[in-house]
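Keep the viewer open as you read.

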Amino acid sequence: MWNERYSAKEYAYGTEPNTFLEAHFRRLPTGRVLSLAEGEGRNAVFLAQQGYAVTAVDGSQVGLTKAQALASAKGVEVECVCADLADYELGKGAWDAIVSIFCPLPPAIRQALYRKVMTALKPGGVFLLEAYTPEQINHGTGGGKSVELMQTAASLRAELPGLDFVHLVELEREVIEGTFHTGLGAVVQAIGVKPA
Ligand SMILES: C[S@@+](CC[C@H](N)C(=O)[O-])C[C@H]1O[C@@H](n2cnc3c(N)ncnc32)[C@H](O)[C@@H]1O
């Protein structure tokens, strides 16, 4: 599905960064950032432009090829890794920050990934996320129809128990990102720090 979506010339979610990430990226410590489910590169390229060493992982090679093209066009480097997040190894104490912007995974895969996130962050490392909540079903402005792929503040607290959340809110906001995120959306936004 994702390769098909990304096979259009246009960038499905645009080439501008996610606005929550853009507003809060300064919370990410300088250094190595891993972007989960990066897609076509808009967020990875933005972070690289801010001076981070960015690795983008996604299951769609078509998306990552566009990510590399966007990085080249902007004059920055992004390491792209095509992998299924169900079995991707994130390493141990490897990342200063991990970013997850609209990463739709089934609960079992998501929960296993979050356990790896806790191990993979350096002490003091930061996890930043925006995701649709189940209320998004009522909006129909993006994110599909599968509630199990969506997240809440409570699910994040439960699934990332070792993280100190410095920002964790559910809200409705205009999400205008390319042709697939098209209006008022119900989202959860999170920034959490792994204790030093
Ligand atoms: C809604 S798009 C968001 C892309 C990007 N984060 C953004 O905001 O522009 C969801 C992305 O998740 C990726 N994805 C979904 N399931 C995945 C999996 N199991 N492993 C790796 N990537 C996956 C898709 O390929 C797609 O690029």
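**From the sheet to the helices**

V126 stands opposite V193 in β7. Before going further, a word on the ground rules: this is a predicted model, in which local features need pLDDT of at least 70, side-chain atom pairs count only at pLDDT 80 or more, and totals for chains, interfaces and linings use all residues. Residues are numbered from 1 along each chain as its sequence is written, and side-chain values use heavy atoms, with hydrogens and water left out.

Strands here are DSSP runs of E with at least two residues, helices are runs of H or I with at least four, and both are numbered from the N terminus. Two strands count as paired if DSSP finds at least two bridges between them. Buried stands for under 20% relative accessible area, exposed for over 50%, and partly exposed for what lies in between, using a 1.4 Å probe and protein chains only.

β7 also pairs with β6 (residues 164–177), again in the antiparallel sense, over 13 bridges. Within this pairing, V175 faces G183 of β7. The hairpin of β6 and β7 has three residues between the strands, and G178 there takes a positive phi near 65 degrees. T179 is found in the loop between the two strands. Is T179 buried or exposed? T179 is exposed, with a relative accessible area of 61%. Despite a separation of 167 residues in sequence, T179 and A12 are 5.8 Å apart in space, C-alpha to C-alpha.

Now step back to the whole sheet. Seven strands form an open sheet with mixed pairing, in the order β3-β2-β1-β4-β5-β7-β6. β3 (79–82) and β6 are the edge strands, each pairing on one side only. Direction ignored, neighbouring strands of the sheet are turned by 15 degrees against each other on average. At the β3 end, β2 and β3 pair in the parallel sense over four bridges, and T55 has E79 in β3 as its bridge partner.

α3 touches β1, β2, β4 and β6, and its direction makes about 175 degrees with that of β2. Helix α5 (residues 107–120) touches β1, β4 and β5, with a direction about 145 degrees from that of β5. Contact means heavy atoms within 4.5 Å; axes are lines fitted to C-alpha atoms, for helices over the stretch in contact, and angles run from 0 to 180 degrees between N-to-C directions.

α3 is mostly covered, with seven of its eight residues buried: R42, N43, A44, V45, F46, L47 and A48. After α3 comes G51, whose phi is positive, near 105 degrees.

Finally, how do helix α3 (residues 42–49) and helix α4 (residues 61–74) sit, and at what angle do they cross? Their axes come within 9 Å and cross at roughly 30 degrees. α3 and α4 are therefore roughly parallel to each other, since angles under 35 degrees count as roughly parallel, over 145 as roughly antiparallel, 65 to 115 as roughly perpendicular and the rest as oblique. R42, V45 and Q49 in α3 meet A67, L70, A71 and K74 in α4.
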